[in-house]
Amino acid sequence: QSAIPLAAFRSSATGDGISVPGLRISGVGALGDSALTTGSTAISQVYLPMRSTAQTTAWCFHYTQEGLDNPALNDTVSFGYESIPYFASEECGAMYRYLIKEVNTTTHLIDSVVVADSLITNVEATRIYIYFRTAEQEEPQE
């Protein structure tokens with residue numbers, strides 16, 4: 001078993017946690033159907049598995065809601081990392097930890113990606129924050 005980082009979604013305008021409706025996330029260059037989410041429900045976080053046999057893993061964010069369902073608006077988030085074999089215990093056996101060294105993203109609806117802790121272990125914790133552009137409320141005019 002390998003460590004899988006948990007990514008939480010935030011508003012770039014407020015920093016608050018948000019749920020994103022109609023978001024289909026799938027692996028880039030992965031064999032078969034690698035969809036992590038189908039876009040049928042709003043989600044506020046997602047586990048983003050890394051490939052232990054590679055030094056990069058990329059995810060495509062496709063927005064299925066009306067007005068945004070266009071491949072030209074897809075965002076891609078790519079992680080560059082080092083896979084570190086780790087012997088947990090005799091019962092658990094070996095697993096991988098990942099040391100994230102680089103993050104790249106397109107910025108159609110995603111504003112930025114922040115890695116709070118670059119060492120991904122099997123401890124359940126949010127390590128990655130994905131900030132989405134959201135509609136800001138206008139300040140009332142006086």
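Predicted model: local features only at pLDDT ≥ 70, side-chain atom pairs only at ≥ 80, totals over all residues.
Trainee: Good to know. What does Arg133 form a salt bridge with?

Mentor: Its partner is Asp111, with the closest N and O atoms 3.7 Å apart. Arg133 sits in the segment after β9 and Asp111 in strand β7, so the pair ties together parts that are 22 residues apart in sequence. Strands here are DSSP runs of E with at least two residues, while helices are runs of H or I with at least four, all numbered from the N terminus.

Trainee: And how accessible is Arg133?

Mentor: Arg133 is partly exposed, with a relative accessible area of 41%. Asp111 is partly exposed as well, at 32%. The cut-offs are under 20% relative accessible area for buried, over 50% for exposed and partly exposed in between, using a 1.4 Å probe and protein chains only.

Trainee: Next pair, please. Which side chain does Arg127 meet in a salt bridge?

Mentor: That would be Asp117, at 3.1 Å from N to O. Arg127 belongs to strand β9 and Asp117 to the loop between β7 and β8 (119-120), ten residues apart.

Trainee: Is Arg127 buried or exposed?

Mentor: Arg127 counts as buried, at 9% relative accessibility. Asp117 is partly exposed, with a relative accessible area of 32%.

Trainee: What about Glu82 and Lys101?

Mentor: Their side chains meet in a salt bridge too, 3.3 Å from N to O. Glu82 lies in strand β5 (residues 75-89) and Lys101 in strand β6 (residues 93-105), so the pair ties together parts 19 residues apart in sequence. Glu82 is partly exposed at 36%, whereas Lys101 is exposed at 59%.

Trainee: Switching topic to sheets. What's the order in the open sheet of four strands?

Mentor: The order is β3-β1-β9-β7, with mixed pairing. The edge strands are β3 and β7 (110-115), each pairing on one side only. Two strands pair if DSSP finds at least two bridges between them.

Trainee: How many bridges join β1 to β9?

Mentor: Six, and those two strands run parallel. Within that pairing, Phe9 has Ile130 as its bridge partner in β9. On the antiparallel side, β1 pairs with β3 (residues 45-47) over three bridges, where Ala7 stands opposite Val46. β7 and β9 are antiparallel too, over five bridges, and Ile110 stands opposite Phe132 there.

Trainee: Why is β1 largely enclosed by the rest of the structure?

Mentor: Five of the six residues of β1 (residues 6-11) are buried, so the rest of the structure largely encloses that strand.

Trainee: Which strands make up the open sheet of five?

Mentor: β2-β4-β5-β6-β8, in that order and with antiparallel pairing. β2 (23-27) and β8 stand at the edges with a single partner strand each, so one side of each is left without a neighbour in the sheet. β6 and β8 pair over two bridges, with Leu99 opposite Leu119 in β8.

Trainee: Last topic, the core. Which residues in the largest nonpolar core touch the most other members?

Mentor: Of its 26 residues, they are Phe9, Leu23, Ile25, Phe61, Phe79, Ile130 and Phe132. The elements giving two or more residues to this core are β1, β2, β4 (56-63), β5, β6, β7 and β9. A nonpolar core is a set of buried Ala, Val, Leu, Ile, Met, Phe, Trp, Tyr and Cys residues joined through side-chain atoms within 4.5 Å. In soluble globular proteins, nonpolar side chains tend to be buried together.

Trainee: What is Phe79 in contact with?

Mentor: Leaving aside neighbours within four places in sequence, the partners of Phe79 include Leu48, Met50, Trp59, Ile100, Val103 and Ile128. Contact means heavy atoms within 4.5 Å.

Terms used: Residues numbered from 1 in each chain as written. Heavy atoms only, no water. Salt bridge = Lys/Arg side-chain N within 4 Å of Asp/Glu carboxyl O.
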